[in-house]
Amino acid sequence: MTSVTWPASVDDRLNILVRAAAAAGEHTSRAELLAALVTDTEVDAERLAELLHRYRRLPAGALNDGNDRDDLPVVRSPGPHRIPSS
């Protein structure tokens, strides 16, 4: 299996999305949520290029807004936890 490294803010954002799914009553994992997002994405070269360009232009701190969401449940996943890259 390939190791995934991305900025810590992206890792935090994924955790927020898992918490949001839990708030909607879904018991899920980071991996399952990523799989759902990947399978829901159309194979459209132009749209994917646009998505990548938007991601690459995100300003520093753009994903930090939701990190302290008190309205979402805390989700603790079993097993080892990955260490996000800086």
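This report describes the nonpolar core, the helices and the salt bridges of a predicted model.

## Basis of the model

Local features require a pLDDT of at least 70 and side-chain atom pairs count only at pLDDT 80 or more, whereas totals for chains, interfaces and linings use all residues. Residues are numbered from 1 along each chain as its sequence is written, and side-chain values use heavy atoms, with hydrogens and water left out.

## Nonpolar core

The largest nonpolar core comprises 6 residues: Trp6, Val10, Leu14, Val18, Leu33 and Leu63. Such a core is a set of buried Ala, Val, Leu, Ile, Met, Phe, Trp, Tyr and Cys residues joined through side-chain atoms within 4.5 Å. Helix α1 (residues 8-23) makes the greatest contribution, with 3 residues. Helices (H or I, at least four residues) are DSSP runs, numbered from the N terminus.

Leu33, a member of this core, lies in helix α2. Its relative accessible area of 16% makes Leu33 buried; buried means under 20% relative accessible area, exposed over 50%, and partly exposed in between (1.4 Å probe, protein chains only). Not counting residues up to four places away in sequence, Leu33 touches Leu14, Leu17, Val18 and Thr28, where contact means heavy atoms within 4.5 Å. Leu33 and Val18 are 15 residues apart along the chain, and their C-alpha atoms are separated by 7.0 Å.

A search of the whole structure finds 2 salt bridges, each defined as a side-chain nitrogen of Lys or Arg within 4 Å of a carboxyl oxygen of Asp or Glu. One of them joins the side chains of Arg30 and Asp11 at 2.6 Å, N to O. Because Arg30 belongs to helix α2 (residues 30-40) and Asp11 to helix α1, this pair ties together parts that are 19 residues apart in sequence. Asp11 is buried, at 5% relative accessible area.

## Helix α3

At the N-terminal end, Asp44 caps α3 through a side-chain oxygen 3.1 Å from the backbone nitrogen of Glu46.

Within helix α3, Glu50 and Arg54 are 4 residues apart, and therefore separated by about one helical turn. Their side chains meet in a salt bridge (2.9 Å, N to O). Glu50 is partly exposed at 46% relative accessibility, and Arg54 is partly exposed at 39%.

Key. Helix = DSSP H or I, 4+ residues; strand = E, 2+ residues; numbered from the N terminus. Polar contact = N/O pair within 3.5 Å; in protein donor to acceptor, adjacent residues only side chain to side chain.
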